[in-house]
Amino acid sequence: MDVSEIQQNAMQIIIKAGDGRSATYQAISAVENGDFEEAKAQIAKGNESIKQAHIIHTKMIQDEARGVELGYSMLFTHAQDTLMTAYS
């Protein structure tokens, strides 16, 4: 896997995890406003975004376990941190 592909995957993880976290915050706002249907929709949207980020992350880990050389990437480390924060 070349550096460009690692960077692209890392950015997709960051974007999708960020989208998931944003949707979760929107769900909290919807609950505060009594709009429970919107909250459910935002939670579903957030879960899907985080799931997509997780799929990319898992594929990269599986590739490395198969022997694909990823090398160290500060951007990928940040992507992992962003995903873990979104999970919490």
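How far apart in helix α2 are E37 and K40, in terms of helical turns? E37 and K40 are three residues apart in helix α2, which means that about one helical turn separates them. This report describes a predicted model, in which local features need pLDDT of at least 70 and side-chain atom pairs count only at pLDDT 80 or more, while totals for chains, interfaces and linings use all residues. Residues are numbered from 1 along each chain as its sequence is written, and side-chain values use heavy atoms, with hydrogens and water left out.

**Salt bridges**

Helices (H or I, at least four residues) are DSSP runs numbered from the N terminus, as are strands (E, at least two). A salt bridge here is a side-chain nitrogen of Lys or Arg within 4 Å of a carboxyl oxygen of Asp or Glu. By this rule the count is three, and the table gives each pair.

| Salt bridge | Closest N and O atoms |
|---|---|
| E37 and K40 | 3.8 Å |
| D63 and K59 | 2.8 Å |
| R66 and D63 | 2.9 Å |

Accessibility is classed as buried (under 20% relative accessible area), exposed (over 50%) or partly exposed (in between), using a 1.4 Å probe and protein chains only. Both E37 and K40 are exposed. D63 and K59 lie four residues apart in helix α2, about one turn of the helix. An α-helix has 3.6 residues a turn, so residues three or four places apart point the same way. D63 counts as buried because its relative accessibility is 9%. R66, at 60% relative accessibility, counts as exposed, whereas K59 is partly exposed with a relative accessible area of 44%. Through salt bridges that share partners, K59, D63 and R66 are joined into one network.

**Two further positions in helix α2**

H57 lies in helix α2, which covers residues 36-65. Its relative accessibility is 9%, so H57 counts as buried. Contact means heavy atoms within 4.5 Å. With neighbours within four places in sequence left aside, H57 is in contact with I13, F76, Q80, L83 and M84.

A44 also lies in helix α2. With a relative accessible area of 45%, A44 is partly exposed. A44 and A27 are 17 residues apart along the chain, and their C-alpha atoms are separated by 9.5 Å.

A nonpolar core is a set of buried Ala, Val, Leu, Ile, Met, Phe, Trp, Tyr and Cys residues joined through side-chain atoms within 4.5 Å. The largest such core has 14 residues, of which I13, M60, F76 and L83 touch the most other members. The elements that give two or more residues to this core are α1 (3-32), α2 and α3 (74-87). The greatest contribution to this core, five residues, comes from α1. Leaving aside neighbours within four places in sequence, F76 is in contact with I6, A10, I13, H57 and M60.

The expected span of a helix is 1.5 Å times one less than its number of residues. For the 14 residues of α3 this gives 20 Å, which agrees with the 20 Å between its end C-alpha atoms. Within α3, the residues F76, A79, T82, L83 and A86 are buried. Seen down the axis of α3, the buried residues fall within an arc of 115 degrees, so they line one face of the helix. That arc is taken over the directions from the helix axis to the C-beta atoms. The buried residues of α3 pack against α1 and α2.
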